[in-house]
Amino acid sequence: MLLVKDLVEEYNLKIWGGNTGLDNEILSFDLSRPGLEIAGYFSHYSSDRVQILGMTEISFFERVLSESEREDRAKRLCRKETPCIIVTRSQQPPLELIEACNQTNTVLLITEDNTTNFTSRITTYLEKELAPETNMHGVLVDVYGIGVLITGESGIGKSETALELVKNGHRLVADDNVEIKEVTKNVLMGSAPELIQHLLEIRGLGIINVMTLFGAGCILTEKRIMLNVHLENWTDNNTYDRLGLEDKKISILNSEVTKKVIPIRPGRSLAGIIEVAAMNHRLNQMGHNAAVEFNDRLNEKIKNNGGSL
């Protein structure tokens, strides 16, 4: 839940009216600049959005409208569902607007920033704070710049693998519970709940603080999830991808992430495999796919030999 007072604290905004509405909830990450509404056209007024008034809107309000029109526009701008109105460039809000905000508990705020810069900053903030979110059981590690979400059954060795990766110089983001936000389509940001930040649970040892043991360089507060490595016990009945031509995906919220299934067997270095998986994923993004190149070579060889090896 995002409240107007959270916005005030984030951007150090000055409160000029509607003080009792600081607990108003912000439900939309879209903004509105009600220029047409101030001119009198309210047919499509998006009243549930944060309203931004720049120099154009304020000057029109004060210089063009009559006193009765200013009172009417101010009252119609401040509706029950309107969370707040923000005036940019430290402009003095019109008296009619202050009175309307006080009567309707619509918070009136002032920023010294210009309209373009402030609109850009607050849009990014609202998109992040109001993004769809979910939680997943797993471990999130930054490996060579690739956010790797390690999943698998409880007790299969996710945390132990993450510990080995941290010892190899990679960075832990979250263990056991990963909070995931869909900032935009196919852009998923993962982080740890505040209660378990920097902590790793190792069965037999208990809870360890990664930052205390290995330093601040071994932790990261947030990372984009780019690859899912799913650990499962080796089963002879299962057929595992040996070439890398299969393009598996995992669906999280409304986005998809590349998925690699790694079977666990004694003697396999999971940390090393995940490091290679991360580097290979980066190469794939750059247009280099070893599996496809091998398959092309194989097909060319068969073609040159008349259909046989």
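This is a predicted model: local features need pLDDT of at least 70, side-chain atom pairs count only at pLDDT 80 or more; totals for chains, interfaces and linings use all residues.

Two strands are said to pair if DSSP finds at least two bridges between them.

Strand β4 covers residues 84-87. On one side, β4 is joined to strand β3 (residues 50-53) by three bridges, and these two strands run parallel. β4 also pairs with strand β5 (residues 107-110), again in the parallel sense, over four bridges. Within that pairing, Cys 84 has Val 107 of β5 as its bridge partner. To get from β4 to β5 the chain passes through helix α5 (residues 95-104), and this β-α-β crossover is right-handed.

The side chains of β4 can be sorted by direction. Cys 84 and Ile 86 point one way, Ile 85 and Val 87 point the other way, and all are buried.

Turning to the chain as a whole, the domain assignment gives domain 1 as 4-130 and domain 2 as 133-295. The C-alpha centres of domain 1 and domain 2 lie 43 Å apart.

Rolling a probe the size of a water molecule over the atoms shows where empty space is left. Here the count comes to one cavity of 30 Å³ or more, and the largest cavity has a volume of about 40 Å³. Its lining consists of Val 173, Ala 192, Gln 197, His 198, Leu 220 and Thr 221. By class, three of the lining residues are nonpolar, three are polar and none is charged.

Note on methods: Residues are numbered from 1 along each chain as its sequence is written. Side-chain values use heavy atoms; hydrogens and water are left out. On a 1 Å grid over the protein atoms alone, a cavity is a set of points where a 1.4 Å probe fits but cannot get out, and a pocket is an open set with protein on both sides within 12 Å along at least five of seven lines; lining residues have an atom within 4 Å of a point. Grid points are joined across faces, edges and corners, and a volume is the space filled by probe spheres set on the points. Ala, Val, Leu, Ile, Met, Phe, Trp, Tyr, Cys and Pro count as nonpolar, Asp, Glu, Lys and Arg as charged, and the others, Gly among them, as polar. Domain bounds come from an automatic or database domain assignment. Buried means under 20% relative accessible area, exposed over 50%, partly exposed in between (1.4 Å probe, protein chains only). A crossover is right-handed if, with the strands pointing away from the viewer, the path from the first strand over the helix to the second runs clockwise.
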